[in-house]
Amino acid sequence: MNKYEIVKRIEKFAPPEFAEPWDCSGWLVETSKTQVKKIMLALTVTDNIVEQASKENCDMIISHHPLFNVPTKYKDIDIYCAHTNLDLTEGGTTDTLIERLNLHKTYNQGFLRFVETEIQTEDLTNKLKTISPHLRYVNNKNIKTLQKIAFCAGSGTEFIEEAFEQGADALVTGDLKFHTALESPIIVYDIGHFESEIQVLEVFKNLIKDDIEVIFSTERSPFKY
């Protein structure tokens, strides 16, 4: 299959113009080859992922996270990523997380998605544990019942204040820092950056699987518990 046709499908779903100005979404490595027979999907491209792709005879890697510096040893394989454009588009990263939890989105606001439903804090915690057994959270106001939940897959703690202003009782995200947690006016669930985003690879698969062989990399969070 022509690699540009593959990218065309991805960019129709997650338009490049949705990407943030600082982002490096798009081609990370573009070789002279145009035809690909096998693709590896990965959240983050690392030496190990490139080695896996080579051993599996993959012609291309599609990832969610970009590389801001591309090692020269990656030059022999096509690498393409969709990052913040995939986060912002309808049906993208955060939407996939919400669907995985069997919840229903009410509306979007930029990177934030909102779910309006009455649920006990304990019940949401248990639901989140199904995808993130080692999740951590803060509940400075000892909130027992939730009416509105904000979601932002990946690193979204910068949106705590925005979520609060929108009336959210909780924010589900990753990469929570100490002082941010200490000062939060709402519950913040840190389910892990990796855990919050890994399911988005299914979106890539569904866009291209009918016409080309697609495999997932072997990948896990770098954190141990």
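The following conversation covers a helix, a strand and several salt bridges in a predicted model.

Student: What should I know about this model before we start?
Tutor: It is predicted, so local features need pLDDT of at least 70 and side-chain atom pairs count only at pLDDT 80 or more, while totals for chains, interfaces and linings use all residues. Residues are numbered from 1 along each chain as its sequence is written, and side-chain values use heavy atoms, with hydrogens and water left out.

Student: Which residues of helix α2 are buried?
Tutor: In α2 (residues 47-55), I49, V50, Q52 and A53 are buried. Buried means under 20% relative accessible area, exposed over 50%, and partly exposed in between, with a 1.4 Å probe and protein chains only. Helices (H or I, at least four residues) and strands (E, at least two) are DSSP runs, numbered from the N terminus.

Student: Why are they on the same side of α2?
Tutor: They cover an arc of only 160° around the axis, the arc being that of the directions from the helix axis to the C-beta atoms.

Student: And which exposed residues are on the face turned away?
Tutor: That face of α2 carries S54 and K55.

Student: Changing topic, which way do the residues of β10 point?
Tutor: In β10 (residues 187-190), I187 and Y189 point one way and V188 and D190 the other, and all are buried. In a regular strand the side chains alternate between the two faces of the sheet.

Student: How many bridges join β9 to β10?
Tutor: There are 4 bridges between β9 (residues 170-174) and β10, and these strands run parallel. Two strands pair if DSSP finds at least two bridges between them. Strand β7 (residues 136-138) is joined to β10 by 3 bridges and runs antiparallel to it; there, Y137 has Y189 as its bridge partner.

Student: Now salt bridges: how many are there in the whole structure?
Tutor: A search finds 11. A salt bridge is a side-chain nitrogen of Lys or Arg within 4 Å of a carboxyl oxygen of Asp or Glu.

Student: What does D47 pair with?
Tutor: D47 forms a salt bridge with K73, with the closest N and O atoms 2.8 Å apart. D47 lies in helix α2 and K73 in the loop between β3 and β4 (78-81), 26 residues apart.

Student: Are D95 and R113 buried or exposed?
Tutor: Both D95 and R113 are buried. The closest N and O atoms of their salt bridge are 3.0 Å apart. Salt bridges that share partners join E90, D95, K105 and R113 into one network.
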